[in-house]
Amino acid sequence: MSNFLELRNITKRFPGVVANDAVSLEVKAGEVLALLGENGAGKSTLISILYGLYRPEEGQILLEGKPVQIASPRHALQLGIGLVPQHPLLVSRHTVAENLALGSSGLFPAGRIAPKIEQLAAQYGLTVDPKAKISQLSPGEKQRVEILRSLLGGARVLILDEPTSVLTPQEAESLFAVMRNLREAGKSLIFISHKLEEVLSITDRIVVLRRGKVVGGLATKDATKQKLAELMVGRNVDFSRKRQPVQIGAPILEVSNLSAKNSRGLEALKNVSFTLAQGQVLGVAGVAGNGQSELIEVLAGLHPPSSGQVKFEGTDLEPNPAKRFEAGIAHIPEDRIHMGTVPTMTVAENLSLRQYSQAPLSNNGIRDLIALETNAKEKILEYTIATPSSQTPSRLLSGGNIQKVILARELGANAKLILAVHPTYGLDIGATDQVHSVLLERTKSGAAVLLVSEDLEELLSLSDQIAILYHGQLKGPFPVTEITREQIGLYMTGGAV
Amino acid sequence: MEEILGAILRALSFGTPLLLASLGAIINERSGVVNLGVEGMMILGALTAFAVAYGDGTGNGNLYLAVLAAMAVGALASMIHAFVTITLRANQFVSGLALTMLGLGVAGLLGKRFEGVPLFNQAPELPFTIAAVLLALLLAFVLSATGFGLTLRSVGENPAAADVLGLNVNLIRYGAVAFGGAMAGVAGAFLSIASRPSWTDGMTVGLGWVAVALVIFVGWSPLRAIAGSFFFGLLYYLQFALQGKIGIPSEVFAAMPYILVIVVLALAGARGQQGAAPEALGKPFTRGER
């Protein structure tokens, strides 16, 4: 097999960072290459270079042995390099055929391209109706449209940018089937991901990037999850169960027969009862939309229950989020950007949102900006928040660092109950690891954690007990040692065990 | 019977400038740019057409040239809007409003010498009406069945998707805005050399604004614009026909078109017509950096 595409010593600098530092790699025809790396490792920059959005400062791109300059995305496709972007660039009101015909001239462009779409779709298993409107398609189908666009344009190498991040497990499986078909047909694929299981199951060869440099290249058959994670993060990553047995204290949260309606007035929680003790981690599993949001919002005081009781340290609480925070209930919300932070405010301000009006951040109703700054500096150090300064708007931070801002704000000395919803969703391995450590550290000093997650690995690795929400009803809690992954899966889909 | 026929003819006469201007605005907006300057471009077109048709005052001005000049001036005026909103990415609504005020002011100033002057070589109305209807049919076909129409629509819906395929979003938008300006110019020419062959300050009497509203009312469809324009033309005619005949003050009738615009827009909003607006309408395009 010859090299179809080869990068030699590609270097790209941005003010203050070297995004790609002498990156070399090659892709052969009929091969799936994984490009692995954490957020900020330089994957996106490398894709942008291959797709003609950025020009590298140094280095060469060779296509079938000949040096090329890629001037624009259109030029990239003319050369045979297609990109399937993470977020599809499609006109949602137009049909599949209209989207794929965009750019061609003459009469009835959509009608003329439809047979070609159907032929390619049949050839590679990319089932999609050319007459369907994009707005009616699932994320997986939209992705197929993007793949079709590259194939129609004559792509011989396809770059798939985190293609599974928006897909259900079933959709991901069918994407992998398509990828295998494409490989059979002699196409080269570059698969960008940070999901190790996927990389190990679908690719032939793996190149790992860290801080802009290639830190490893190996055949997939020689790779293990452990080895890849170490290459990516640059240190040892522990995939074993993180939870150590702890001393369980007195009950801190007692929920009995709790029911609540959702925003559309439908019953979202039905007679939920459980008890959570100091130092305990209760994992709540379930498919999104089965009452998790309502449960957390009721406990955080954001949503009124329709019936039932919530006792915190043996007393009833006012349904007021600020008062509950003062009482010791911390909330790490689901939508970290819009619910967890004010994106346009600075890191320092976001860190102060819970207590900006109280001493020491305010004196007699006047904010103390020096105290604000001191508070921010302390938190930034304590939680190793990577931010250019405390005055940077939080929207400019990466997902992991935004999450750390939230943790730093919510987990004051006083936090006795931590409500954590999808706390590591979308974070890379390093950041996930840090969030987990912070949560577990808190349990040692007696805090209880209610952890809502869709990631079974995470739940099993952190929780003492697991409960499952299905259609608003809570199954369990079960001690984590007495329940299997299969049983949880069955409860999640409403099956009897 | 004769009265009804007369009413229909007058409705066509009022509807023609509406159709011409709204076809321009539809193409304009389908590319993602709102231009509230229609009224201003229309009156500039009206003045230009009159001035060219007037010639040396003996009625020897070339009428074809008058229409072409009105188109050119309309297109030229629209380029101010295009530059400000497409190249400089300023707010489209503010820029359009400014263009309307500029147009009305400039036309009022430069047109003083034509006030009350008769035009001997009047143009017939019917060719304008027929041309407008044919153009509506043609545009409907171009939008739905040609590659160019698809490109234009895509630029108005999701410019980033067109950009990544190497299509020049800004160039397409400049072209669409120029077309909108030219059509507003023709609509103005129709007023000053055909339907009311004369020049009076403010002679567009809000038709440009009605055309802008009409675009929303007809859901950005050139075909529906035909019916919509003549419906509004009929209302305009009624406003004049009923004045003085019944005991309602004429001011109420004069305000009718605007009141109707509000009512019609409210109705369009209530049945979700606003949802038919091109998705990128009013939004300047910036090439996204990854």
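Select E29(B) to begin: with a relative accessibility of 4%, this residue counts as buried (buried is under 20% relative accessible area, exposed over 50%, partly exposed in between, with a 1.4 Å probe and protein chains only). E29(B) belongs to helix α1 of chain B; helices (H or I, at least four residues) and strands (E, at least two) are DSSP runs, numbered from the N terminus. This is a predicted model, in which local features need pLDDT of at least 70 and side-chain atom pairs count only at pLDDT 80 or more, while totals for chains, interfaces and linings use all residues. Residues are numbered from 1 along each chain as its sequence is written, chains are lettered from A and ligands numbered from 1 in the order in which they are written, and side-chain values use heavy atoms, with hydrogens and water left out.

Now display the surroundings of E29(B). Setting aside residues up to four places away in sequence, E29(B) touches V34(B), V215(B), W220(B), P278(B) and L281(B), where contact means heavy atoms within 4.5 Å. Of the pair E29(B) and P278(B), the C-alpha atoms are 7.4 Å apart in space, although 249 residues separate them in sequence.

**Helix α6 of chain B**

Next, select residues 147-157 of chain B, which form helix α6. Because 10 of its 11 residues are buried, helix α6 of chain B is largely enclosed by the rest of the structure. Among the buried residues of α6(B) are G147(B), L150(B), R153(B) and E157(B). What do the buried residues of α6(B) pack against? From chain A come α3 (96-101) and α4 (109-124); from chain B come α1 (2-30), α5 (126-145), α7 (159-164) and α8 (169-195).

**Chain B as a whole**

Zoom out to chain B and colour by secondary structure. Chain B comprises 11 helices and 0 strands. Its C-alpha trace spans about 65 × 45 × 30 Å along the principal axes. The radius of gyration of chain B is 19 Å, which agrees with the value near 19 Å for a compact globule of 290 residues; this radius is taken over C-alpha atoms, and the globule rule is 2.2 Å times the number of residues to the power 0.38. Buried residues account for 56% of the 290 residues in chain B. Of the contacts in chain B between residues at least 6 apart in sequence, 82% join residues at least 24 apart.

With the surface shown, chain B exposes about 12200 Å², of which carbon and sulfur atoms supply 71%; accessible areas come from the Shrake-Rupley method with a 1.4 Å probe, and for residues only the protein chains shown count as cover.

**Chain A and its domains**

Turn to chain A, which has 16 helices and 22 strands. The C-alpha atoms of chain A fill a box of roughly 75 × 55 × 45 Å along the principal axes. For the 497 residues of chain A, a compact globule would have a radius of gyration near 23 Å, and the value of 25 Å for chain A agrees. Buried residues make up 52% of chain A.

Colour domain 1 (3-233) and domain 2 (251-328 + 414-492) of chain A separately; the bounds come from an automatic or database domain assignment. The contact between them takes 8 residues from domain 1 of chain A and 6 residues from domain 2 of chain A. The centres of the two domains, taken over C-alpha atoms, are separated by 38 Å.

Select G40(A), in the loop between β3 (32-36) and α1 (43-50) of chain A. G40(A) is exposed, with a relative accessible area of 75%.

Move to S352(A), in helix α11 (residues 347-352) of chain A. Is S352(A) buried or exposed? At 2% relative accessibility, S352(A) counts as buried. Beyond its neighbours within four places in sequence, S352(A) is in contact with L361(A) and L372(A).

**Backbone geometry**

Most residues other than glycine have a negative phi, and most peptide bonds are trans. Select N364(A), in the loop between β17 (362-363) and β18 (366-367) of chain A, where phi is near 50°, a positive value in a residue other than glycine. N364(A) is exposed, at 82% relative accessibility.

H471(A), in the loop between β21 (465-470) and β22 of chain A, also has a positive phi, near 50°. With a relative accessible area of 47%, H471(A) is partly exposed.

Finish at P477(A), in strand β22 (residues 473-479) of chain A. The peptide bond from G476(A) to P477(A) is cis, with omega near 0°.
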